[in-house]
Amino acid sequence: MKKVIFCISVITLLVIVVCGYLVQQSRAEERSVKEKMQVMVQEKKAVNAQSKATDVNQAFLRMLFGNQSMEDKQKQAKIETTAKGFAMAFPSAGESPKKTDLQVVNEIDHIEMYHREGNADSYQFLTVIEVTTSVNNIRSTNKMLIQTILVKKKQQFLVDNVLILTNL
């Protein structure tokens with residue numbers, strides 16, 4: 001009888017030890033999954049911010065090289081840029097527009113963007129843009145490298161700097 005009680009005690013002890021081990025493993029696995037989820041949430045936020053910045057950059061460049069009147073471009077740019085960015089995009093904004101009978105039409109043929117994240121609130125873009133300009137039905141195509149820097153202010157990205165680096 002003592003051997004039976006001893007065997008039952010040993011088996012019970014082994015079951016308790018194995019159950020304790022399994023509980024510890026499941027808790028460690030749960031912590032690991034939670035950590036991975038937090039990393040994924042942070043990566044998703046970064047991707048969303050990058051996507052928003054990319055969309056703002058592309059919309060700004062399409063507006064800048066689009067067919068709107070200069071006054072409309074400036075009104076829209078004041079919303080999408082900081083004061084510094086507006087001054088960089090429209091250096092002669094204070095001058096009155098000159099009246100001409102030239103007919104100018106721009107077509108954006110291609111936009112290719114590369115970005116670098118400065119920090120969570122700043123993105124730098126290098127954009128290769130190909131624009132076909134028609135002046136009185138005479139067409140020319142320009143391929144340019146443009147640098148834009150976007151900053152996050154009040155939960156939205158604004159263009160803080162725009163430079164045409166070179167014609168390609």
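## Overall shape

Take the contacts in the protein chain with a separation of 6 or more: residues 24 or more positions apart account for 49% of them. The model is predicted.

The protein chain has 3 helices and 4 strands. Along the sequence they follow the pattern α-α-α-β-β-β-β. The radius of gyration is 30 Å, whereas a compact globule of 168 residues would have one near 15 Å. Along the principal axes, the C-alpha atoms fill a box of roughly 115 × 30 × 20 Å.

## Surface

Of the 168 residues, 26% count as buried. The protein chain exposes about 12,200 Å². Carbon and sulfur atoms supply 58% of that area.

Helix α2 spans residues 70–80. Which of its residues are buried? They are Lys73, Gln74, Ala77 and Glu80. These residues cover an arc of only 125° around the axis, so they sit on the same side of α2.

The other side of α2 holds exposed residues: Lys75, Lys78 and Ile79. What covers the buried residues? The cover includes α1 (2–64), α3 (83–89) and β4 (156–167).

## Strands and hairpins

Strand β2 covers residues 122–135, and strand β3 covers residues 138–153. The two pair in the antiparallel sense over 14 bridges. β2 and β3 form a hairpin with 2 residues between them. Asparagine 136 lies in the turn and has a positive phi of about 50°.

β3 also pairs with β4. These two strands run antiparallel and are joined by 10 bridges. Here isoleucine 146 has isoleucine 164 in β4 as its bridge partner. β3 and β4 form a hairpin too, with 2 residues between them. In its turn, lysine 154 has a positive phi of about 55°.

## Aromatic rings

How many aromatic pairs does a search of the whole structure find? The search finds 2. One of them joins tyrosine 123 and phenylalanine 157. Their ring centres are 5.6 Å apart and their planes stand at 70°, so the pair is edge-to-face. The pair links distant parts of the chain. Tyrosine 123 belongs to strand β2 and phenylalanine 157 to strand β4, 34 residues apart.

Are these two residues buried or exposed? Tyrosine 123 is buried, and phenylalanine 157 is buried as well. Together with Phe125, Tyr123 and Phe157 form one aromatic cluster.

Definitions and conventions. Residues numbered from 1 in each chain as written. Predicted model: local features only at pLDDT ≥ 70, side-chain atom pairs only at ≥ 80, totals over all residues. Heavy atoms only, no water. Buried < 20%, exposed > 50% of the residue type's maximum accessible area, 1.4 Å probe, protein only. Arc of directions from axis to C-beta. Contact = heavy atoms within 4.5 Å. Pairing = 2+ DSSP bridges. Phe/Tyr/Trp six-rings, centres within 6.5 Å; stacked < 30°, edge-to-face > 60°. Rg over C-alpha atoms; globule rule 2.2 N^0.38 Å. Areas by Shrake-Rupley, 256 points an atom, 1.4 Å probe, with all protein chains shown as cover.
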